[in-house]
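Thanks for coming, everyone. Let me put the structure up, and then I'll walk through it.

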Amino acid sequence: MSNLGDDFSQFDISKEEKDKLVAEVVRYILFKTHQNSGCPIKREELSQLVTKNYRHRSLPAYIINEAKAKLSTIFGYELRELQRSRPSSTNHSRLSQQSGVDAKSYVVISQLPAEVYKKYVEDVNTSHLTGFTFVVISIVQLSGGKIAEDNLWHHLKRMGLHETDENHPVLGNVKQVLETLVQQRYLQKDKVSGPEGTTLFYELAERALDGTVSDRVKQHISQIVKKDDATVDIL
């Protein structure tokens with residue numbers, strides 16, 4: 001970012017216009033992240049904020065990079081581009097809801113240390129959703145990164161979470177909360193055709209495969225395994 005902040009003369013806009021565009025993109029990112037529970041924001045959406053009044057082809061990329069820097073230095077957020085992970089299956093019958101998301105998109109990630117974020121930023125009113133996300137990712141991780149839908153619900157039912165439950169006292173519509181993990185790109189869904197018909201699989205997606213999240217899940221799983229081993233030793 002050494003010269004990026006000063007090199008906007010090529011776009012034939014003033015510094016005030018540039019700053020206004022950057023501020024508009026930053027506001028949009030923060031608003032959409034809050035409104036859509038952290039679901040990815042398409043690059044196309046951000047580009048349209050710029051191109052509605054300006055036609056220079058390279059301007060959107062410049063403004064997005066400037067907004068990325070502002071989010072980091074002022075708000076402590078990383079604007080991270082998601083890389084679509086390909087399904088492990090060679091079957092091409094991907095669900096329609098996944099078909100349009102291969103375009104570039106971004107999520108906002110806190111750069112604060114985990115203990116600081118938990119103490120000062122984390123919303124206790126949504127901690128149950130974080131817990132559910134962690135549990136589901138752990139189940140899929142223990143299944144080798146991919147699990148059949150029926151098998152996933154089998155594990156969730158053991159914790160009192162049922163597919164047909166639309167009024168769970170904590171989560172509400174359990175099936176919809178699971179679907180939100182797909183929209184947030186922690187999971188992706190794939191249909192696989194076989195001799196016995198079509199089976200729906202859940203597979204770890206980009207955000208679950210992120211190093212920070214993946215390491216936390218593996219650490220949590222290892223702690224559970226150690227506790228189980230200790231219990232066996234006692235018995």
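First, a term: contact means heavy atoms within 4.5 Å. By that rule, and leaving aside neighbours within four places in sequence, Lys32 is in contact with Ile41 and Glu45.

Now the ground rules. This is a predicted model, where local features need pLDDT of at least 70 and side-chain atom pairs count only at pLDDT 80 or more, while totals for chains, interfaces and linings use all residues. Residues are numbered from 1 along each chain as its sequence is written, and side-chain values use heavy atoms, with hydrogens and water left out.

Helices (H or I, at least four residues) and strands (E, at least two) are DSSP runs, numbered from the N terminus. The protein has 10 helices and 6 strands. Buried means under 20% relative accessible area, exposed over 50%, and partly exposed in between, with a 1.4 Å probe and protein chains only. Of the 235 residues in the protein, 35% are buried. Take contacts between residues at least 6 apart in sequence: 65% of them join residues at least 24 apart.

Back to Lys32. It lies in helix H1, residues 15–35. Is Lys32 buried or exposed? Lys32 counts as buried, because its relative accessibility is 18%.

Ser37 is not a glycine, yet its phi is positive, about 55°.

Next, a helix pair. H2, residues 43–51, packs with H3, residues 59–75, at an angle of about 110°, with the axes 9 Å apart. That makes H2 roughly perpendicular to H3. For the angles, axes are lines fitted to C-alpha atoms, for helices over the stretch in contact, and values run from 0 to 180 degrees between N-to-C directions. Under 35 degrees counts as roughly parallel, over 145 as roughly antiparallel, 65 to 115 as roughly perpendicular, and the rest as oblique.

Which residues meet there? From H2, Arg43, Leu46, Ser47, Val50 and Thr51; from H3, Leu59, Pro60, Ala61, Ile63 and Ile64. By class, the contact of H2 with H3 has 7 nonpolar, 2 polar and 1 charged residues. Here Ala, Val, Leu, Ile, Met, Phe, Trp, Tyr, Cys and Pro count as nonpolar, Asp, Glu, Lys and Arg as charged, and the others, Gly among them, as polar.

Stay with H3. Its buried residues are Leu59, Pro60, Tyr62, Ile63, Ile64, Glu66, Ala67 and Leu71. H1, H2, E2 and E3 are among what covers them. Just after H3, Gly76 takes a positive phi of about 75°.

On to the sheets. Two strands pair if DSSP finds at least two bridges between them. E1 pairs with E3, residues 105–110, over 2 bridges. Lys42 stands opposite Ser105 in E3.

E3 also holds Val107. Val107 is buried, with a relative accessible area of 3%. Not counting residues up to four places away in sequence, Val107 touches Gly38, Pro40, Glu78, Leu79, Arg80, Leu82 and Arg207. Val107 and Arg80 are 27 residues apart in sequence, but 5.4 Å apart in space, C-alpha to C-alpha.

The other sheet I want to show is open too, with 3 strands in the order E4-E6-E5 and antiparallel pairing. E4 (146–148) and E5 stand at the edges, each with a single partner strand, so one side of each is left without a neighbour in the sheet. Neighbouring strands here are turned by 30° against each other on average, direction ignored. E5 and E6, residues 197–204, pair over 8 bridges. Gly194 stands opposite Gly197 in E6. Helix H7, residues 149–157, packs on the sheet, touching E4 and E6, and its direction makes about 90° with that of E4. H8 lies across E5 and E6, running at about 100° to E5.

Last stop: Arg185, in the loop between H8 (174–183) and E5 (187–194). Arg185 has a positive phi of about 70°, although it is not a glycine. Arg185 is buried, at a relative accessible area of 5%.
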